[in-house]
Amino acid sequence: MGEGEANKTDRGRFDRSRGPVAIAAIAGVLALIALGMGSCGDRGSGIRFWQRTDAASNACPRPASLAGSEFNAQETGLRALRRAAFRGDFFAQLELGSRYAAVRATDKNIEDPIESATWYAMALANDEGYAPINRVDRGGFGGWRPLSKYDDCRAFERHMAYQRLDRQLGQMTREEQEAVRDRVVYILSTQDAEGFRTLARLHDGLYGPFGEPEDNREAREAWGRNPGGPDGRDRRRGYRSATSLFPRNDVDAYLYNYLAVQTGDVGAYVLMKDFERSAPSRDQYSRFVEAKARQWTPPFEFYPNEAPASGVPFSDESRPRGDAYEYALTRMGAELPFVHVGRALRYLGITETVAQRPEDLSKRQIETLEAMLGHPMEGRLSHLERVRAIQLAAVNGSSEAQLVLAVMYAEGIGVPADYARAFKWFDEAARQGSPEAKFAMSSYFALGVSGVADQDKAQAVALRIDSALSGFGPSAARLQAVLAQVSRSQQRR
């Protein structure tokens with residue numbers, strides 16, 4: 001039975017005369033209590049869940065680990081919530097949205113509208129918020145309905161999340177809205193095939209605004225196709241700001257399905273084939289999407305290190321996963337001279353001089369970096385923290401760190417090999433005048449790297465000359481060979 005058929009029924013009615021159903025309902029509630037989640041009010045009263053005026057009767061009680069006051073331990077509470085939210089906990093995502101929105105006066109010091117909108121959007125895209133626990137045929141006008149009250153309170157939570165997200169986005173500039181979208185894309189891109197499949201649904205016109213089934217009650221309300229929403233208001237206009245965060249686009253939907261397949265997930269391959277068959281024109285995008293996938297890179301190196309103005313420490317939860325990441329990290333200590341990490345640390349203001357060896361760093365200096373990254377205070381520099389130091393210096397404008405990071409991506413040291421990402425950082429460093437980066441860019445255009453840079457001998461020569469004039473030795477030595485090759489190609493024309 002589909003989500004739409006269930007949602008066409010009256011969600012507030014409950015036939016107490018059906019003994020087996022009542023027993024099953026009690027069993028379902030007891031099971032939820034065992035998981036640390038209580039019921040969401042008495043459905044036997046005949047009152048629909050959205051007709052109650054107090055949110056406390058409608059909202060799902062939070063699990064014990066996420067509930068309670070963190071007034072005296074705000075930082076600890078936020079870190080716990082962020083860890084759970086990055087792992088896909090629906091309630092942690094909702095709670096973070098609320099915390100950063102400063103719904104409570106005690107959270108005013110951490111107010112951050114972009115971060116709040118990001119986590120409300122993540123909660124709406126999380127299928128834990130709308131996937132049914134159980135369904136039963138109630139017969140008569142009741143039809144197929146969720147068995148658990150848990151479904152109703154989650155529906156209310158999603159209704160409120162849509163409402164708050166729409167209000168927040170409506171007050172943002174275009175750049176701020178793009179920052180929210182980029183953060184959601186990045187978080188989901190770290191979740192392998194499951195995250196890419198969610199991104200595909202976010203762009204697929206056959207789904208709701210946040211990837212839920214199109215006939216989901218909250219999706220229909222958001223689109224403006226379900227007049228008379230949970231708050232009793234006419235929602236024919238819908239939530240325009242929230243529904244426009246991820247525009248419908250068949251090419252992007254195909255792209256994210258394709259990226260899911262690239263992770264090696266068999267289920268993703270089946271879903272991509274279903275996507276191709278779902279509309280006549282979709283299978284025509286395959287070649288274009290394949291080329292685009294080679295150029296696609298996540299919006300950030302790691303989750304944006306932009307703590308609220310209060311100075312609440314940032315928490316880096318975007319840890320590398322998978323064998324490719326682990327292998328790349330093992331190469332960090334043996335193959336990347338530590339002096340590059342030392343230069344990044346000096347650029348970040350952590351050290352006054354360039355450390356040549358890990359032993360040159362004090363425990364306090366290491367802990368300063370760990371605090372900036374939101375890592376546990378271990379007092380020793382891990383391979384991941386060495387990568388993060390270079391990444392953090394690169395995103396903050398160090399041309400040296402940008403060049404080093406580009407080489408790391410090109411060689412697969414510290415990070416998996418990614419020519420598109422390497423090209424990006426060579427380009428960033430070249431814009432700042434790095435002769436080495438210009439030389440590397442010239443090599444990309446001379447050779448032509450499929451999906452990253454087309455072969456362009458003229459551009460290669462221009463960059464190599466610029467690199468030579470900037471004083472980079474190898475450029476002058478190789479410049480004659482490139483010029484000769486260009487001359488020969490022109491003579492053959």
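V270 is found in helix α13, which covers residues 266-277. Helices here are DSSP runs of H or I with at least four residues, numbered from the N terminus. With a relative accessible area of 44%, V270 is partly exposed. That label follows from the cut-offs: buried is under 20% relative accessible area, exposed is over 50%, and partly exposed is in between (1.4 Å probe, protein chains only).

Before we go on, a quick word on the model: it is predicted, so local features need pLDDT of at least 70 and side-chain atom pairs count only at pLDDT 80 or more, while totals for chains, interfaces and linings use all residues. Residues are numbered from 1 along each chain as its sequence is written, and side-chain values use heavy atoms, with hydrogens and water left out.

Back to V270: together with V266 and Y269 it forms a nonpolar patch on the surface, and the three share about 300 Å² of accessible area. A patch takes residues with over 30% relative accessible area and no salt bridge, joining nonpolar side chains (Val, Leu, Ile, Met, Phe, Trp, Tyr) within 5 Å and like charges within 9 Å. A salt bridge, by the way, is a side-chain nitrogen of Lys or Arg within 4 Å of a carboxyl oxygen of Asp or Glu.

There's a charged patch too: E175, E176, E178 and D182 gather into a negative one on the surface. E175 sits in helix α8 (residues 174-189) and is exposed, at 56% relative accessible area.

Now for the disulfide, meaning a pair of cysteine sulfur atoms within 2.5 Å. The count comes to one: C60 and C153, with their sulfur atoms 2.0 Å apart. The torsion about their S-S bond is about 90 degrees, so this disulfide is right-handed. C60 lies in the loop between α3 (55-58) and α4 (74-86) and C153 in helix α7 (residues 149-170), so the pair ties together parts 93 residues apart in sequence. Both cysteines, C60 and C153, are buried.

Most residues other than glycine have a negative phi.

| Residue | Phi | Place | Relative accessible area |

Last up is N257, in helix α12 (residues 250-262). At 8% relative accessibility, N257 counts as buried. Its C-alpha atom is 9.9 Å from that of E194, a residue 63 positions away along the chain.

Key. Areas by Shrake-Rupley, 256 points an atom, 1.4 Å probe, with all protein chains shown as cover. Lys, Arg positive; Asp, Glu negative; His and termini not counted. Charge placed at Lys NZ, Arg CZ, Asp CG, Glu CD. Helix = DSSP H or I, 4+ residues; strand = E, 2+ residues; numbered from the N terminus.
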